[in-house]
Amino acid sequence: MTGEEAIKKAAELRGKGQFQDAIDVIDNNRSSFDDITLLPALMNGLYAAKELGDQEQAKRIAAEIAQIEPELPSIQEYL
């Protein structure tokens, strides 16, 4: 699965309320993301973790995002 396909699949799963599955798609396809697709992929994972209500996964993903965009407003509550 390409990075773009993984992002689309995760978004589709989020839309169906399958939040953990969306996170798993992102986590299981990490090697397919490049510099352009990594941030959108991680953001999808963060949104899924928020929607799932899983603070631990949200913190883990936010920490990864912070390595790329440390000032991003949507991650601040998890850092």
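1. The secondary structure of the chain comes to 4 helices and 0 strands, where helices (H or I, at least four residues) and strands (E, at least two) are DSSP runs numbered from the N terminus. Read from the N terminus, the order of elements is α-α-α-α.

2. This is a predicted model, in which local features need pLDDT of at least 70, side-chain atom pairs count only at pLDDT 80 or more, and totals for chains, interfaces and linings use all residues. Residues are numbered from 1 along each chain as its sequence is written, and side-chain values use heavy atoms, with hydrogens and water left out.

3. On overall size, a compact globule with 79 residues would have a radius of gyration near 12 Å, and the 11 Å of the chain agrees with that. The radius is taken over C-alpha atoms, and the globule rule is 2.2 Å times the number of residues to the power 0.38. Along the principal axes, the C-alpha atoms fill a box of roughly 30 × 25 × 15 Å.

4. Of the 79 residues in the chain, 41% are buried. Buried means under 20% relative accessible area, exposed over 50%, and partly exposed in between (1.4 Å probe, protein chains only).

5. Glu5 belongs to helix α1 (residues 3-15). Glu5 is partly exposed, at a relative accessible area of 43%.

6. Asp24 lies in helix α2 (residues 19-28). Its relative accessibility is 30%, so Asp24 counts as partly exposed. Asp24 and Glu71 are 47 residues apart along the chain, and their C-alpha atoms are separated by 25 Å.
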